[in-house]
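Subject: Structure handover

Hi,

Here is the structure I promised to pass on to you. Please have a look at it first, and then read my notes below.

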Amino acid sequence: MKVVALDKFTTGYGIGGNTPARLRANLESAGVAGRVEIREGDMRALPFADASLDGAVSAYAMDHLGRTGFRTAVAETARVLKPGGEFLFLTVQR
């Protein structure tokens, strides 16, 4: 299985030093660096072709986009998922 990690790699939400190099180091520590492709991008304009992914995960991110941004990101996720693809959405319930 191949995983694509997508991030804007900006600082915020209490995350300092958010860089591709930091993510790569964490992946290497976990022994999975060879199975992960790191890409920079925005979940509101996913850099993937239509129906190109088997699954997608949003972990504590989309809920920071506001109503319009959230709807756009969910629509983008639906666009890039293959028919029958699965989407796991994780958020903090308040």
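**Around Thr-77**

Leaving aside neighbours within four places in sequence, Thr-77 is in contact with Leu-46, Ala-56, Met-62 and Phe-87, where contact means heavy atoms within 4.5 Å. Thr-77 is found in helix α2, which covers residues 66-80; helices here are DSSP runs of H or I with at least four residues, strands are runs of E with at least two, and both are numbered from the N terminus. With a relative accessibility of 6%, Thr-77 counts as buried. For that label, buried means under 20% relative accessible area, exposed means over 50%, and partly exposed is in between, using a 1.4 Å probe and protein chains only. A polar atom of the Thr-77 side chain also lies 2.9 Å from the backbone oxygen of Ala-73. The cut-off for such a polar contact is a pair of N or O atoms within 3.5 Å; within protein, one must be able to donate a hydrogen and the other to accept it, and residues adjacent in sequence count only if both atoms are side-chain atoms.

Before going further, a word on the source: this is a predicted model, in which local features need pLDDT of at least 70 and side-chain atom pairs count only at pLDDT 80 or more, while totals for chains, interfaces and linings use all residues. Residues are numbered from 1 along each chain as its sequence is written, and side-chain values use heavy atoms, with hydrogens and water left out.

**The chain as a whole**

The protein chain has 2 helices and 4 strands, and along the sequence they follow the pattern β-α-β-β-α-β. The radius of gyration is 14 Å, close to the 12 Å that the globule rule gives for 94 residues, so the chain is as compact as a globular protein of that length. (The radius is taken over C-alpha atoms, and the rule is 2.2 Å times the number of residues to the power 0.38.) The C-alpha trace spans about 35 × 30 × 25 Å along its principal axes.

Of the 94 residues, 18% count as buried. The accessible surface comes to about 6500 Å², and 54% of that belongs to carbon and sulfur atoms; areas come from the Shrake-Rupley method with a 1.4 Å probe, and for residues only the protein chains shown count as cover. Among contacts with a separation of 6 or more, 72% are between residues 24 or more positions apart.

Beyond its neighbours within four places in sequence, Glu-76 is in contact with Met-43, Arg-44, Ala-45 and Leu-46. What does Arg-79 form with Glu-76? The two form a salt bridge, with the closest N and O atoms 2.9 Å apart; the criterion is a side-chain nitrogen of Lys or Arg within 4 Å of a carboxyl oxygen of Asp or Glu. Being 3 residues apart in helix α2, Arg-79 and Glu-76 are separated by about one helical turn. Arg-79 is partly exposed, with a relative accessible area of 26%.

Ala-49, in the loop between β2 (36-40) and β3 (53-59), touches Arg-79 and Val-80, not counting residues up to four places away in sequence.

**Other salt bridges**

The structure holds 6 salt bridges. One of them pairs Asp-42 with Lys-8, the closest N and O atoms being 3.7 Å apart. This pair links distant parts of the chain, 34 residues apart: Asp-42 is in the loop between β2 and β3, and Lys-8 is in the loop between β1 (3-7) and α1 (20-30). Asp-42 is partly exposed at 21% relative accessible area, and Lys-8 is partly exposed at 40%. Arg-39 and Glu-37 also meet through their side chains in a salt bridge (3.8 Å, N to O).

**A surface patch**

Phe-70, Phe-87 and Phe-89 form a nonpolar patch on the surface, with about 220 Å² of accessible area together. Patches are made of residues with over 30% relative accessible area and no salt bridge, joining like charges within 9 Å and nonpolar side chains (Val, Leu, Ile, Met, Phe, Trp, Tyr) within 5 Å. Phe-89 lies in strand β4 (residues 81-90) and is partly exposed, with a relative accessible area of 31%.

Best wishes
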